[in-house]
Amino acid sequence: HTTIDVTSAYTTEIRLLAKLRGTKSVANDARNILDLMHQVQTINEHGFNVEDDLDGKPIASIDIRTNAYNLVLGLYRDSKDEKDSMKAVNLLQKMVDAGNRPLIERSGVPIPNEQSFE
């Protein structure tokens, strides 16, 4: 049994959406992909068992990096929707809060870097 790293597939999708900056709802679409990344990360943590074929071993792994969050933050920043400003603040706060926790308790949320605050 092989565990598949799906990090680049999801991050590439967010990058492609980032090329559509300013397009209506693109920030929300990118955030949905980011949330899906966390679902894969949770599946990896707890194992994913399909008819006991995998003996509880994870089928996919993901490494959610700061750049994926920064792309979503940038889309929120460039959005024409006023509500996206608050969504950006909340997402950034989630990253800051992760920095105050041990790695195992971060649920895959990366800590912010300088670009995150820009």
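Trainee: In which loop does S107 lie?

Mentor: S107 lies in the loop between helix 4 and helix 5 (114–117); helices here are DSSP runs of H or I with at least four residues, numbered from the N terminus. Please note that this is a predicted model, in which local features need pLDDT of at least 70, side-chain atom pairs count only at pLDDT 80 or more, and totals for chains, interfaces and linings use all residues. Residues are numbered from 1 along each chain as its sequence is written, and side-chain values use heavy atoms, with hydrogens and water left out.

Trainee: What is the phi of S107?

Mentor: Most residues other than glycine have a negative phi. S107, although not a glycine, has a positive phi of about 55 degrees. S25, in the loop between helix 1 and helix 2, likewise is not a glycine and has a positive phi of about 70 degrees.

Trainee: Is S25 buried, partly exposed or exposed?

Mentor: Buried means under 20% relative accessible area, exposed over 50%, and partly exposed in between (1.4 Å probe, protein chains only). S25 counts as partly exposed because its relative accessibility is 39%; S107, at 43%, is partly exposed too.

Trainee: With which residues is M37 in contact, leaving aside its neighbours within four places in sequence?

Mentor: Contact means heavy atoms within 4.5 Å. With those neighbours set aside, the partners of M37 are T7, Y10, T11, I14, I62, I64 and A68.

Note on methods. Helices (H or I, at least four residues) and strands (E, at least two) are DSSP runs, numbered from the N terminus.
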